[in-house]
Amino acid sequence: MDPARLVLVRTGDPGGCGSGYLVGPQLVLTALHVVRPEGQWAGRAEARVGHPDFGVALVDRRAQVCWPDPQKDVLLADALDVALLWLDEPVDTGEAPVRWGRPGGVVPVPFEGAGFPAFAADTGSPAHFEYLRGELPVVSTSSSGWVLDCPTWPASGRGKERPWEGASGSAIFCHGRLVGVVAEDNQTMGYRRLHAVPVHKALSLPGFANLVTKRGHPGTTTALEEVTCDSRASAAVGPVRSAYLRQVERIAPLRLWDRDAELAELADFCLQEQRGPYMWWRAGPWAGKSALLSTFVLNPPGAVDAGRVRLVSFFITARLAAQDTREAFTTVLTEQLCALLGVELQAGGHEATREAALLDLLAQAAAACQQAGGRLVLVVDGLDEDRGVTTGWEAHSIAGLLPSRPPAGMRVIVAGRPNPPIPDDVPDWHQLRDPGIIRLLDDSPHARDLQRLGQAELKRLLTGSPVEQDLLGLLTAARGGLSGPDLRELTSADLVTIEEILHTVAGRTFASRITAWTADDGQRSLQVYLLGHEELHNAAHHYLGPDRLTRYRDRLHTWAERYRTSTDGQLPWPPHTPEYLLSGYPRMLATVGDTRRLAALATDPARHDRMLDLSGGDTAALTEIKACQDLLLSCSEPDLYTLVKLSQHRGQLESSYANIPTNLPALWATLGQPNRAEQIARSITDPYRRAKALAGVAGAVAIAGDHERARRLATYVEQIAPSITSTPRRSQVVAGVAGAVAAVGDHERARRLAADAEQIARSIIDPTRRAQVLADAAEAVAAVGDHERVRRLAIDVEQSARSTDPHRRAQVLAEVAGAVAIAGDHEQARRLAADAEQIARSITDLDRRTEALAGAVGAVAAAGDHERAEQVARSINNADWRAEALAGVAGAVAIAGDHERARRLAADAEQIARSITDPDRRAQALAEVAKVSSLAQAIRLLGEAFALGSWLTPLPTLAKLYPQEMIRIADGVDVDDRQRRDVQ
């Protein structure tokens, strides 16, 4: 809730006063009866927008009802008590869109709001604001919709028969989502209890939905988010871990000289409460602006980190390809904010939609940082280098996209030269036009020395040896990113000569950085080179001229073509393909507008497979496709044929991850390839499956000892869990994260997560599903060592399971018996396991009885009664389940130390497995038996399983027993999958 958007609504009728909330620059949400008392439309309406202590100032506007339409709509007596008002002039309260919600679960949800009730007004004074808070009991019902329980109710009196009169129309928020509109005060409770109309009912009506999406704040949609008592309105924000920081490293100097005072001032600006929202560091070229800000972003002073300041940044530069446009700013900043908030990075969409989404992400991130006790700070360097700047009405600049009033305490640091002037698309009231924000940066003598020497070297290179001229021309045309071996291929010069020029003779003209993509084995990284400063790049571009640059680009095109085509038995895009051709080259093509070559790259499956090998995912390929689509759509006549090809290829890439098993990424992590594991997991599109896969990777890397990565992944999964709409699945994901955190050793956090999983599970109304999810939560609680809580959960599961069908009851009792056994209460575990067996035997359906008995076997074995577990397993009629059950008992017996009996049970299970006729079921049974067999026998059984059924079935066992072979097999399957993708 933003206090600056509160609205006092007045009508011409006696006592005509109500509340409202600004949902668009000229759109107010209120209650229908405020403007239509006693069934008659009010003669006139006025709106006072704002709060005296928040925002700029109170603003008065004339208003008229725009929904329902007073002229056209025929309203029934039970019409929804919601209305929209249109103001005669817009009111600027920021650009963040309203987000809608719908309370769920069974536990009351905290709410807040504000309005103008009669009891808050002093005698003879205008209405006063009253903050509303309390709980919204989701299970309570009323004629209006939601019931609002406030901790203190006003007493009637002071001549006020209805003390809440005037609060009608107040917007009600739960965890930052607008869920309802106050519409009624309950007569039976002395007009002291409020009721609200659910906003989702209004959003389901086309007229209302059309107005809020078209006339609401930018980015407003009709999407509803479920809010429960355990919802988190803001993400737990940690340091921003974004791939863009690798780009910043290409800009930052190895050491920043004599800028301690400026770094301290930047830190003060971020931390001090009394500072304004904007700071503009202004200086001419070669003053050291980029060096200062890039160092600040990469290595902020300790006080900034301690103050929980989170930095996101964009460095506008022409010497790096595609880094000097508004579209690039939107893409890069969106990626950083999604990483900070832990939300899914959305691809595609119209430019205006993406920009609106960016503004919403900024508002969310700022609010999340503020709620966490910190601050969001945006750093933008090089405003003068923005290619989108013009001097007319068509300007679409990066500066024009910066928030005029940064939300939730957010601060913005910009840097640039005095000229060109502020773009015309920056409004007059924008903070950038305030001269008080300007901080002049003194020239750095170190930067001036570099300027003098660099310019001298540049002029010498322009008339130097053929190799020197080629190095300058190629790096300028390529816009950076070529390595020494790349330049050797392009110039035919020897590597020693090239490196001598780049490192010594012209060391101030060129800079070097490490390649962006590094394989898990660390063998891929190389140094790449670029012009050492923006001014050097611009000067080189000017001196070389368009004809020479075109010739150098042609050499790059010819070089790329050699790798693209199959020659002399070499496949296209071989393993030694230069990284520039996979990342920098398409960005250069986009910058110069070469859509033909860019489209050919963006629809080349073999090239994208090579990128997949290097990066571990298809994210870079999808980004490349999007860049090409945007470029084509900007043409006056878009090439529909090419757009169709791009769309088809994008669909193939996206679908290649649609059915990835959620346990596969964890297997790659177990095999020592965490980068690949994380990339594959992040490429899964479904939020629940992606979260589950990443939780598995977190657990695997925690066991491997990479605790920092495990904590980061666990935090990310914890942040995105609230976006999973299915309550049972959300609980399962949180429970999985608890296990990973426990493996890291953070037991306090693990207990909290396990408790969260339990709380989510308890909010499920359906007893069958609640029992199942509580049983899952019990396993998570057991894993973190909270044994007393496990025992309590077991009792609750039993109670919830009583109203479920026998099959499900037997399953959940067996599952919770295992958790209780882990907690050490073997007596309770045996009782639960015995109950599960008894219930399973009472099931009349043969298939369900068999499945339930198999589950009971595991419970009985976990409880320590191996003799009984074997008896139950052998009593199962179905060979599939009997083999797997006996294999499970064999494993439990082996853990207990009775290896001879374990071998006998494993041999019996194998014999039964071989009698199964269905290939897939036999493969599954053989894989289970392999878990409890000797290594040699297990390898043979797994080989048979691979030959019989799905390749995914034996993978978990193979990864544990024979990881080297697992890598070889999985790589082979990966190649097969790519070949299938090529022909789809």
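**Entry 1: the whole chain.** I noted at the start that this is a predicted model. I counted 38 helices and 22 strands in the protein chain. Of its 984 residues, 53% count as buried. I then looked at contacts with a separation of 6 or more, and found that 69% of them join residues 24 or more positions apart.

**Entry 2: helix H24.** I looked up H24, residues 707-720. H24 has 14 residues and reaches 20 Å from its first C-alpha to its last, close to the 20 Å expected. Which of its residues are buried? I listed Arg709, Ala710, Leu713, Ala714, Tyr716, Val717, Gln719 and Ile720.

**Entry 3: H24 against H26.** H26 runs over residues 747-762. I found its axis 13 Å from that of H24, at an angle of about 25°. Angles under 35 degrees count as roughly parallel, so H24 is roughly parallel to H26. The crossing is left-handed. From H24, the residues in contact are Arg711, Ala714, Thr715 and Glu718. They meet Arg749, Arg752 and Leu753 in H26. By class I have 2 nonpolar, 1 polar and 4 charged residues in this contact. Ala714 is also on my list of buried residues in H24.

An α-helix has 3.6 residues a turn, so residues three or four places apart point the same way.

**Entry 4: H25 and what follows it.** H25 has 18 residues, which should span 26 Å at 1.5 Å a residue, and its end C-alpha atoms are 26 Å apart, so the two agree. H25 is mostly covered, with 13 of its 18 residues buried. Just after H25, Gly745 takes a positive phi of about 105°.

**Entry 5: H32 against H34.** I took a second pair, H32 (residues 866-874) and H34 (residues 899-914). Their axes come within 13 Å and cross at roughly 10°. That makes H32 roughly parallel to H34. His866, Glu867, Glu870 and Arg874 in H32 meet Arg901, Arg904, Leu905 and Asp908 in H34. I sorted this contact by class into 1 nonpolar, 1 polar and 6 charged residues.

**Entry 6: Cys628.** I found Cys628 in helix H19, residues 619-633. Is Cys628 buried or exposed? Its relative accessible area is 0%, and the cut-off for buried is under 20%, so Cys628 is buried. Leaving out residues up to four places away in sequence, Cys628 touches Thr595, Leu598, Ala599, Ala602 and Leu646. Arg596 is 32 residues from Cys628 along the chain, and their C-alpha atoms are separated by 9.4 Å.

**Entry 7: backbone exceptions.** Most residues other than glycine have a negative phi, and most peptide bonds are trans. I looked for cases that depart from this.

- The peptide bond from Trp67 to Pro68 is cis, with omega near -5°. Pro68 lies in the loop between strands E5 (54-67) and E6 (83-87).
- Ala408 has a positive phi, near 50°. I placed Ala408 in the loop between strands E17 (375-381) and E18 (411-416). Ala408 is partly exposed, at 26% relative accessibility.
- Trp573 has a positive phi, near 50°. Trp573 lies in the loop between helices H14 (534-564) and H15 (579-582). At 0% relative accessibility, Trp573 counts as buried.

Conventions:
Residues numbered from 1 in each chain as written. Predicted model: local features only at pLDDT ≥ 70, side-chain atom pairs only at ≥ 80, totals over all residues. Heavy atoms only, no water. Axes fitted to C-alpha atoms, helices over the stretch in contact; angles between N-to-C directions. Helix = DSSP H or I, 4+ residues; strand = E, 2+ residues; numbered from the N terminus. Parallel < 35°, antiparallel > 145°, perpendicular 65-115°, else oblique. Left-handed = near helix turned anticlockwise from the far one by under 90°. Contact = heavy atoms within 4.5 Å. Nonpolar A, V, L, I, M, F, W, Y, C, P; charged D, E, K, R; others polar. Expected span 1.5 Å × (residues − 1). Buried < 20%, exposed > 50% of the residue type's maximum accessible area, 1.4 Å probe, protein only.
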